[in-house]
Amino acid sequence: MALLETKNLSINFGGLWAVKDVDFNIDTKEIVGLIGPNGSGKTTFLNIISGIYRATNGTVQLQGDNITDLRPFEIFKKGIVRTYQSSRLCWDLSVADNILMGLYSAHKSSFFDVILRPKKANDEIYSSLQKCMDILSYFNPDLFRHRYELTKNIPHIDRRRIEICRALVSHPAVLLLDEPTAGLNDEETMQMMMDIHKIKEKINDICIIIIEHDMKVMERVPERIVVFNAGQKIAEGVYKDIISDHGVIGAYLGGAAV
Ligand SMILES: Nc1ncnc2c1ncn2[C@@H]1O[C@H](COP(=O)(O)OP(=O)(O)O)[C@@H](O)[C@H]1O
Ligand SMILES: [Mg+2]
């Protein structure tokens with residue numbers, strides 16, 4: 001049984017099928033790349049899996065459990081965590097505080113605990129902060145040294161790293177990365193690729209779906225690539241098969257990429 005599986009997954013927006021009949025699966029420890037032209041439904045697909053959009057038809061199963069109609073925070077608690085195509089950080093908070101937000105919903109202390117049992121609430125935050133700093137120092141030691149700086153003062157690549165760390169601190173079973181190298185130059189893209197590779201060594205059993213346009217990333221990071229076009233899955237396979245697939249060349253790669 002696949003860790004995460006979609007069957008006939010579809011969503012309709014006012015007559016347009018943004019995602020149509022997508023059968024997809026991913027196993028523990030696997031990295032799958034998602035490519036396709038702009039508007040082909042990649043982000044929408046992740047939005048359905050993470051509960052932001054509700055599927056019109058079809059199912060999403062996690063370890064055999066039907067999670068299709070769960071709400072985003074319920075899906076998060078099941079271990080599916082994501083990053084977004086455009087940055088969603090609090091600029092006036094430090095790097096550490098932004099990452100700490102990834103554990104916000106895991107905290108048990110209530111508002112009353114903060115007032116009546118401050119030690120308990122403090123201990124909990126301290127232990128969460130420790131987990132966050134463990135991940136950050138492993139993921140990128142340079143950024144760890146800047147952990148108390150305001151997010152607005154750090155470079156774009158580091159902001160993208162913060163988002164990935166924030167997603168990782170809850171030790172997800174499934175990590176969904178929506179264009180993590182968007183806005184990065186070639187060298188930064190390579191650095192980010194190496195960081196993403198390290199994730200699997202740190203978090204056992206994690207699987208990753210990564211949306212990415214850069215074919216250099218697609219060649220090196222995922223074990224398998226799924227190609228979307230106009231909301232449908234048009235191909236699936238290893239990099240070398242995908243770049244020579246006529247349907248993919250016509251829809252996405254064009255002559256130059258082959
Ligand atoms: N909330 C929405 N309402 C209406 N149309 C949407 C909505 N979200 C996405 N779409 C449409 O779905 C299609 C797929 O978009 P998207 O998933 O963002 O593509 P991609 O990530 O592959 O570039 C586009 O035509 C987009 O306009
Ligand atoms: Mg997108």
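Let me begin with a term: by a polar contact I mean a pair of N or O atoms within 3.5 Å, where, within protein, one must be able to donate a hydrogen and the other to accept it, and where residues adjacent in sequence count only if both atoms are side-chain atoms. What we are looking at is a predicted model, in which local features need pLDDT of at least 70 and side-chain atom pairs count only at pLDDT 80 or more, while totals for chains, interfaces and linings use all residues. Residues are numbered from 1 along each chain as its sequence is written, chains are lettered from A and ligands numbered from 1 in the order in which they are written, and side-chain values use heavy atoms, with hydrogens and water left out.

I start with ligand 1, which has among its surrounding residues Phe13, Pro37, Lys42 and Tyr53, where a residue counts as near if one of its heavy atoms lies within 4 Å. An oxygen atom of this ligand is 2.8 Å from an N or O atom in the side chain of threonine 43, and on the backbone side there is an oxygen of ligand 1 at 3.0 Å from an N or O atom of glycine 41.

Let me turn to helix H8, residues 186-202. In H8, Thr189, Met192, Met193, Asp195, Ile196 and Ile199 are buried, meaning under 20% relative accessible area, against over 50% for exposed and in between for partly exposed (1.4 Å probe, protein chains only). Seen down the axis, these buried residues fall within an arc of 165°, so they line one face of the helix, the arc being that of the directions from the helix axis to the C-beta atoms. On the other side, Glu187, Met194 and Glu201 are exposed. Asparagine 185 caps the N-terminal end of H8, with a side-chain oxygen 3.1 Å from the backbone nitrogen of glutamate 187.

Definitions and conventions
Helix = DSSP H or I, 4+ residues; strand = E, 2+ residues; numbered from the N terminus.
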